[in-house]
Amino acid sequence: MQLKPKAVPPKAQNARRRLMAASCALLSAGAARSQQANVAPAGSGLLEDWSVDSALAYYHEDGRIHAIEPVVDLAKVFADGKSLNFNVTYDALSGASPNGALTSHAPQTFASPSGKSLSGSHSYTTGPGQLPVDPNYHDDRFAVGGSWTVPVTRVTQVSVGGKLSDEHDFVSASVNASLAHDFNEKNTTLSFGVNDEYDSLKPIGGAPVPGSDYALFQKTGNKSKNGVGALLGVTQVITRNWLSELNISVDRFTGYLNDPYKITSIIDSAGNTTGYEYESRPDQRTRKSAYWENRIAWNSQVSTALSFRYFTDDWGVRSDTAQLHLRWSLSNRDHYVEPSFRWYRQTAADFYTPFILNTAAPSTGNESADSRLGPFHALTFGLKYAEQLADQGNHVGSEFSVRVEYYRQTFDETKPVPAGLQGLDLYPDLKAILVQIGWRF
């Protein structure tokens, strides 16, 4: 069995990451199944000996972002044990995106990313008591990736892969390699992998000077960042019905780590907004995480998957995640239901600052009001239904599935605010629905 690396911790209010997580949950299962795929006779069709997993996901936040993402994964296992995998993803996001500013009793005017002043056609106004959001947010992403796995010996295999992702203001390229070795009569698998990622950022209107006055629109040219990481994992067969997996990972990013579209409000002692600053984050970040998952088949109809994850970084963010899936097969096991529950909690980054008092002296030189770096907890409730379809030609075990998830995030901010801001919902909850339709053949 092959150990799969786990994704980086989810970020709140980030539709793209939640779409990717849902799609990866479907496709990683398909990739595992492809290791056992039957090879069809020659000449029986274009995809005769390929395993195909496809999904279409729709994501909708209450009053904010909505997104749609189709994804297709192709996998082929050759007679000599080698395997090839390709995946293609497209997603489109639009709606209203928070810009980081604080809610106020007075109207607030902001410039769109391409704007050069707070007036004219490239500006928008947020009403009193409303969360400042850019109402014209839109982004498209197209990504392709692949991997090639070769058995070196009967118990050792090597895998190499890469991925290319393109957005209108962002291009990312990554390569990875891993080694997996089975021992203890193939009841234990030890894996080690490394990856390298390079990102080129071309912010709309230019990259702001970190910490500069928002009204001055001081911007520079394109930016970049680079990240390297490693993962060490072990998968252990405990009993015939119990599989356990443990991963430890670390990565380090350097370069431009700011969100060029986020600002922080400056307020006076009465709570009145007097100005804004562009956010300023450190130019390096080291992240570490540990992930533990247990899959248990209780009988021929019921199985569970329970996982825990701990994450920490040198920005001061700490997070805990627990997730439970319960799969219940119905009738002749040709269809099943799978309820799921996920709990997530994180602390704030050391430099997280929901607002700046204009009488306060900066302590670190770094600040950000991005709520994804703030303290919050979140719950996700999900339900999946899947049904095995009639065999499609030479493809055995075709499956159609529908997944629905409800996400709710609650902010845990405790910083006292001036009396003038009392009564405002400064940190509103985030509610979202995700619907995914999948087809495997």
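This is a predicted model: local features need pLDDT of at least 70, side-chain atom pairs count only at pLDDT 80 or more; totals for chains, interfaces and linings use all residues.

Q: Where in the chain do arginine 281 and aspartate 370 lie?

A: Arginine 281 belongs to the loop between β15 and β16 (284-297), while aspartate 370 belongs to the loop between β20 and β21 (376-388). The pair therefore ties together parts that are 89 residues apart in sequence.

Q: Are arginine 281 and aspartate 370 buried or exposed?

A: Both arginine 281 and aspartate 370 are buried. They also belong to a network of salt bridges that links Asp259, Glu279, Arg281, Asp370 and Arg372.

Q: How many salt bridges does a search of the whole structure find?

A: The search finds 16 salt bridges. One of them joins aspartate 320 to arginine 345, with the closest N and O atoms 2.9 Å apart. This pair links distant parts of the chain, since aspartate 320 lies in strand β18 and arginine 345 in strand β19, 25 residues apart.

Q: How is the exposure of aspartate 320 and arginine 345 to be read?

A: A residue counts as buried under 20% relative accessible area and as exposed over 50%, with partly exposed in between. Aspartate 320 has 23% relative accessibility, so it counts as partly exposed. Arginine 345, at 41%, is likewise partly exposed.

Q: Which residue forms a salt bridge with glutamate 293?

A: The partner of glutamate 293 is arginine 295, and their closest N and O atoms are 3.0 Å apart. Glutamate 293 has a relative accessible area of 7% and is therefore buried. Arginine 295, at 47% relative accessibility, counts as partly exposed.

Q: Let us turn to the strands. How many helices and strands are there in the chain?

A: The chain has one helix and 23 strands. As a general idea, strands of a sheet pair through backbone hydrogen bonds, either parallel or antiparallel.

Q: In which sense do strands β17 and β18 pair?

A: Strand β17 (residues 302-313) and strand β18 (residues 318-330) are antiparallel and pair over 11 bridges. Within this pairing, serine 307 stands opposite glutamine 323 in β18. The hairpin of β17 and β18 has four residues between the strands, and glycine 316 there takes a positive phi near 100°.

Q: How does strand β18 pair with β19?

A: Strand β18 and strand β19 (residues 335-346) run antiparallel and are joined by 10 bridges. Threonine 321 faces tyrosine 344 of β19 as its opposite residue. These strands form a hairpin with four residues between them, and in its turn serine 331 has a positive phi of about 45°.

Q: What joins strand β7 to strand β8?

A: Strand β7 (residues 156-167) and strand β8 (residues 170-183) run antiparallel and are joined by 12 bridges. A hairpin leads from β7 to β8 through two residues. Lysine 163 has serine 174 of β8 as its bridge partner.

Q: How many bridges join β8 to β9?

A: Strand β8 and strand β9 (residues 188-201) are antiparallel, with 14 bridges between them. Here leucine 179 has phenylalanine 192 of β9 as its bridge partner. Their hairpin has four residues between the strands, and asparagine 184 takes a positive phi near 55°.

Q: Which strands form an open sheet with mixed pairing?

A: That sheet has three strands in the order β15-β14-β20. Its edge strands are β15 (273-278) and β20 (356-357), each of which pairs on one side only. Strand β14 (residues 263-267) pairs with β20 in the parallel sense over two bridges, and isoleucine 267 has leucine 357 of β20 as its bridge partner.

Q: Finally, how may one read the chain as a whole?

A: The chain has 441 residues, of which 46% count as buried. It exposes about 21,400 Å², and carbon and sulfur atoms supply 59% of that area. Among contacts between residues at least 6 apart in sequence, 63% join residues at least 24 apart.

Technical notes:
Residues are numbered from 1 along each chain as its sequence is written. Side-chain values use heavy atoms; hydrogens and water are left out. Buried means under 20% relative accessible area, exposed over 50%, partly exposed in between (1.4 Å probe, protein chains only). Contact means heavy atoms within 4.5 Å. Accessible areas come from the Shrake-Rupley method with a 1.4 Å probe; for residues, only the protein chains shown count as cover. Two strands pair if DSSP finds at least two bridges between them. A salt bridge is a side-chain nitrogen of Lys or Arg within 4 Å of a carboxyl oxygen of Asp or Glu.
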